[in-house]
Amino acid sequence: MEKSKEKDKQVLISADLFSEFERMADSYGLSKKGLLEAMIFYFKATHADPRDPKADNPTDAIKALDKRLVSFIRQQENELIRPISDDIKLLLQLVTQDLPKTLRQSQIRTIGGAFKPEFQTERFRAVYEDLIKKTN
């Protein structure tokens, strides 16, 4: 049986581009044939347009996305997280300082018992127990 021989084809390019191509192959540790094959597979896999050498660099795209994400988080912090934190601080002050002066212990126990168990965190229980002590 005769093995079919794979025929190599030639590509004609200018001497300057060929020199650049050789440098690229050397820098990647590939043969010229290996570099050409890798380039073809790269363009096929990424659908990048080789005619557009100013295409977005993935690193630059990630940096831009990072900046947008940080900006979004800062906006959420200013619009949501800080106001919620301020409200919680005010509520804790109300619960720990003002309520013991105006409510009786039985009323505080009724309010505390109304909270579902999943909302009764360690912090909630600590504040609640402190509130009960202050009304004695």
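This is a predicted model: local features need pLDDT of at least 70, side-chain atom pairs count only at pLDDT 80 or more; totals for chains, interfaces and linings use all residues.
The side chains of K33 and D8 meet in a salt bridge, with 3.8 Å from N to O, where the term stands for a side-chain nitrogen of Lys or Arg within 4 Å of a carboxyl oxygen of Asp or Glu. K33 lies in helix 2, residues 32-46, and D8 in the segment before helix 1, residues 15-28, so this pair ties together parts that are 25 residues apart in sequence; helices here are DSSP runs of H or I with at least four residues, numbered from the N terminus.

Residues are numbered from 1 along each chain as its sequence is written, and side-chain values use heavy atoms, with hydrogens and water left out.

As for accessibility, D8 is exposed at 61% relative accessibility, whereas K33 is partly exposed at 47%; exposed means over 50% relative accessible area, buried under 20%, and partly exposed in between, with a 1.4 Å probe and protein chains only.

Searching the whole structure gives five salt bridges, and I will mention two others. In one of them R23 pairs with E20, the closest N and O atoms being 2.9 Å apart; these two residues are three apart in helix 1 and therefore separated by about one helical turn, and E20 is partly exposed at 37%. In the other, the side chains of R82 and E77 meet at 3.4 Å, N to O, with R82 partly exposed at 45% and E77 partly exposed at 29%.
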